Amino acid sequence: MALRLDHLQQREEHWAIVDLVGKGGHVRTVPVPWVRNELDDWLTAARIDRGRLFRRVNKVGRAWGDGMTVKAVWHIVKESAKSIRVAKLAPHDLRRTCARLCHASGGELDQIQFLLGHVSVQTTERYLGCKQRIRSAVNDRIGIEPNP
């Protein structure tokens, strides 16, 4: 994993991973508001003050080496999923769940699109399973309806 400590920066008074290069070479910034506290605990315990964030831990609990492979991180995620009885897990399940949780909590479609790094809003809509609701249309109660 190539995520480095200098990727974590404050933007608009929030912590974010900046200049993250994703699929297709797209560069984006990913807000990580509450993750920073957890990372600080890890960085202190592992005595990491520069370089890659994620390192291997030896048998006596000390961080060593200069990074981890994507495969190693995925193994850790899968083991964590098993511990909470999630038998099958795919990488996109995590992205899709994040997107749906953001949407369910009132997140705006364009902001979820930025978070996921989608070029097309249609891709984000597919992730969310969005369908137009005619019966409760978003423009039914915008304050310019005629009086009955």
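**Figure 1. Leu20 and Arg28 in a predicted model.** Leu20 stands opposite Arg28 of strand S3. This is a predicted model, where local features need pLDDT of at least 70, side-chain atom pairs count only at pLDDT 80 or more, and totals for chains, interfaces and linings use all residues. Residues are numbered from 1 along each chain as its sequence is written, and side-chain values use heavy atoms, with hydrogens and water left out. Strand S2 covers residues 14-21, and S3 covers residues 27-31. The two run antiparallel and are joined by four bridges. Strands count as paired if DSSP finds at least two bridges between them. In the hairpin of S2 and S3, five residues lie between the strands. Gly24 takes a positive phi there, near 75 degrees.

Figure 2. Strand S1 spans residues 8-11 and runs antiparallel to S2. Four bridges join this pair. Leu8 has Ile17 of S2 as its bridge partner. Two residues lie between the strands of this hairpin. Glu12 has a positive phi near 50 degrees. In a regular strand, side chains alternate between the two faces of the sheet.

**Figure 3. Arg47 in its loop.** Arg47 sits between helix H1 (35-46) and strand S4 (56-57). Its phi is positive, about 55 degrees, although Arg47 is not a glycine. Is Arg47 buried or exposed? Arg47 counts as exposed, at 67% relative accessibility. Buried means under 20% relative accessible area, exposed over 50%, and partly exposed in between, with a 1.4 Å probe and protein chains only.

Figure 4. Arg85 is a residue other than glycine, yet its phi is positive, near 65 degrees. The relative accessible area of Arg85 is 79%, so Arg85 is exposed.

**Figure 5. Val121 in helix H5.** Helix H5 comprises residues 121-128 and includes Val121. Val121 is partly exposed, with a relative accessible area of 28%. Which residues does Val121 contact, leaving aside its neighbours within four places in sequence? They are Leu109 and Gln113. Contact means heavy atoms within 4.5 Å. Cys98 is 23 residues from Val121 along the chain, and their C-alpha atoms are separated by 16 Å.

**Figure 6. The whole chain, as context for the close-ups.** The chain has five helices and five strands. From the N terminus on, the order is β-β-β-α-β-β-α-α-α-α. Helices (H or I, at least four residues) and strands (E, at least two) are DSSP runs, numbered from the N terminus. The C-alpha trace spans about 75 × 40 × 30 Å along its principal axes. The radius of gyration is 20 Å, whereas a compact globule of 148 residues would have one near 15 Å. That radius is taken over C-alpha atoms, and the globule rule is 2.2 Å times the number of residues to the power 0.38. Buried residues make up 20% of the 148 residues. Of the contacts with a separation of 6 or more, 29% come from residues 24 or more positions apart.
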